[in-house]
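Thanks for coming. I will go through a few packing details, one region at a time. Please keep the structure on screen while I talk.

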Amino acid sequence: MVKMESRGISTGAIVAVAVAVTVITVVTAVGVYLLVGPAGGHEGVTTTPTTTTTHTTTTHITPPTTTTTTYTTSPTTTTTTYTTTTTTTTYTTSPTTTTPEGFVIPSESTASPSELALTYHWAQWSNNYTFTTYIPENLYEYYENKPRVPVRGTTYSSANYYVNYSYYVTDPKDDKELEEIVASFNEFAFREGLGEEEKLNLMVGFVQSLPYMTDMESMGQQEYPRYPVETLVNNVGDCEDTAVLMASLLKLMGYDVVLLDVPEHMAVGISSDHLTFYGFHYSENNKEYYYVETTEPGWSIGEIPEEYSDVPAYLVHLVPVPMLTHTWITSNTWEYPTYYTTDLTVTVKNEGTATAEDVYVFAGFDAGGDMVWSAKTSDNFTLDVDSEKTVTLQLTLSRYEYTRLVVEVIYGGYAVDKSYSTWFTT
């Protein structure tokens with residue numbers, strides 16, 4: 001059981017790890033909510049239009065006027081510098097004409113010719129901070145080219161299956177680069193004598209300073225979840241993108257973190273055995289996960305936008321999960337006077353972070369009304385991470401039917417990936 005509570009607000013620190021459940025009871029001052037379904041999509045806090053300029057900050061959440069805010073921000077300007085060996089991109093969250101030198105967070109490495117040097121500036125606690133990190137170009141291209149599949153914060157929803165966002169956090173290929181970011185903040189905190197809470201809030205302020213942009217504005221798609229490296233290089237993201245980045249960093253810092261999937265939004269929950277937080281939190285299995293907003297500066301740990309304070313939430317565990325995709329081709333098609341036959345070859349790949357067992361392919365001809373003609377299924381098979389399996393099914397249908405091919409990958413009893421051909425007459 002999970003419940004939401006609020007027990008006072010402070011501008012304290014942060015902590016993290018992850019957990020997800022399918023049924024959560026939410027207790028607030030206005031009543032009890034039973035969670036039995038998905039929380040829906042994640043399209044940001046408001047519908048205020050933003051420009052499509054790549055590095056523009058758009059305000060989507062206004063901190064409550066009755067709460068003391070810790071972070072400040074001002075209009076974004078972007079400076080991009082190109083060198084002969086390394087691309088250096090500087091992201092600024094305050095005007096360069098008024099930004100003093102401020103504090104420089106040391107980098108844990110130097111750029112090589114095949115790396116992108118990314119420099120960020122942001123204002124926090126009446127100070128200005130600068131941080132530079134380095135991302136290999138081929139690592140960014142690897143994530144940029146990975147397929148995106150339908151995702152929700154929860155794993156199962158009614159008769160449909162959705163992969164949850166945890167595999168964007170648990171993919172290990174970017175751990176080295178993210179660990180270097182964590183090491184930089186640790187070194188800076190030690191040098192400046194910052195306490196653990198101050199260090200956590202500094203990390204939160206860094207992520208909050210990244211400009212907000214919806215997937216439709218930045219990618220022309222309704223949903224385009226980003227991996228942490230993509231959010232850092234693109235310097236834009238919506239709520240799930242910055243939540244995934246924040247959860248990844250806090251998890252590598254050793255904290256107990258979850259993704260918080262609330263209606264039309266995503267945030268982070270953080271818990272700690274050695275730090276005390278205050279404010280809005282979710283309770284599960286005798287642990288308290290404090291709300292962390294990631295889309296706009298000014299929100300301290302435990303502070304939550306009013307529109308999300310009395311709605312159901314899912315706690316998404318950061319555990320490895322499979323992500324199955326597929327491609328297919330048809331060949332050896334025969335058209336006889338009374339029937340039509342084709343060989344369908346389907347290749348299924350596991351792009352996720354965990355092995356998938358008892359996977360099979362289902363295919364047939366669309367008969368309308370969620371029915372299919374000539375339905376065929378493959379034998380069950382297992383897919384390890386980054387492995388693929390190819391199966392062939394022979395489908396036959398009467399001539400002169402107006403239809404289309406339906407191809408589904410079935411895992412755990414649900415269609416995890418589905419595609420169609422164009423309509424045609426057999």
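The model you see is predicted.

Start with helix 3, residues 175-192, and helix 7, residues 239-252. Two packed helices are described by the angle between their axes and the distance between the axes. For this pair the angle is about 75° and the axes are 9 Å apart. Angles of 65 to 115 degrees count as roughly perpendicular, so helix 3 is roughly perpendicular to helix 7. Which residues meet there? From helix 3 we have Asp175, Leu178, Glu179, Ile181 and Val182, and from helix 7 Leu245, Ser248, Leu249 and Leu252. By type, the contact of helix 3 with helix 7 has six nonpolar residues, one polar and two charged.

Helix 7 also packs against helix 4, residues 196-208. Here the axes come within 10 Å and cross at roughly 155°. Over 145 degrees counts as roughly antiparallel, so that is the description for helix 4 and helix 7. The crossing of helix 4 past helix 7 is right-handed. Helix 4 contributes Leu200, Met203, Val204 and Val207 to the contact, while helix 7 contributes Thr242, Leu245, Met246, Leu249 and Leu250. That contact divides into eight nonpolar residues, one polar and no charged.

Next, strand 13, residues 280-284. Are its residues buried or exposed? Five of its five residues are buried. In a regular strand the side chains alternate between the two faces of the sheet. In strand 13, Phe280, Tyr282 and Glu284 are on one side, with His281 and Ser283 on the other, and both faces are covered.

Strand 13 runs antiparallel to strand 14, residues 287-292, and four bridges join them.

Last, Val104, which sits in strand 6, residues 103-105. Val104 has a relative accessible area of 43%, so it is partly exposed. Beyond its neighbours within four places in sequence, Val104 contacts Thr130, Phe188 and Arg191. Thr132 is 28 residues from Val104 in sequence, and their C-alpha atoms are 8.7 Å apart.

Key:
Residues are numbered from 1 along each chain as its sequence is written. This is a predicted model: local features need pLDDT of at least 70, side-chain atom pairs count only at pLDDT 80 or more; totals for chains, interfaces and linings use all residues. Side-chain values use heavy atoms; hydrogens and water are left out. Helices (H or I, at least four residues) and strands (E, at least two) are DSSP runs, numbered from the N terminus. Buried means under 20% relative accessible area, exposed over 50%, partly exposed in between (1.4 Å probe, protein chains only). Contact means heavy atoms within 4.5 Å. Axes are lines fitted to C-alpha atoms, for helices over the stretch in contact, and angles run from 0 to 180 degrees between N-to-C directions. Angles under 35 degrees count as roughly parallel, over 145 as roughly antiparallel, 65 to 115 as roughly perpendicular and the rest as oblique. Ala, Val, Leu, Ile, Met, Phe, Trp, Tyr, Cys and Pro count as nonpolar, Asp, Glu, Lys and Arg as charged, and the others, Gly among them, as polar. Two strands pair if DSSP finds at least two bridges between them. A crossing is left-handed if the near helix is turned anticlockwise from the far one by less than a right angle, and right-handed if clockwise.
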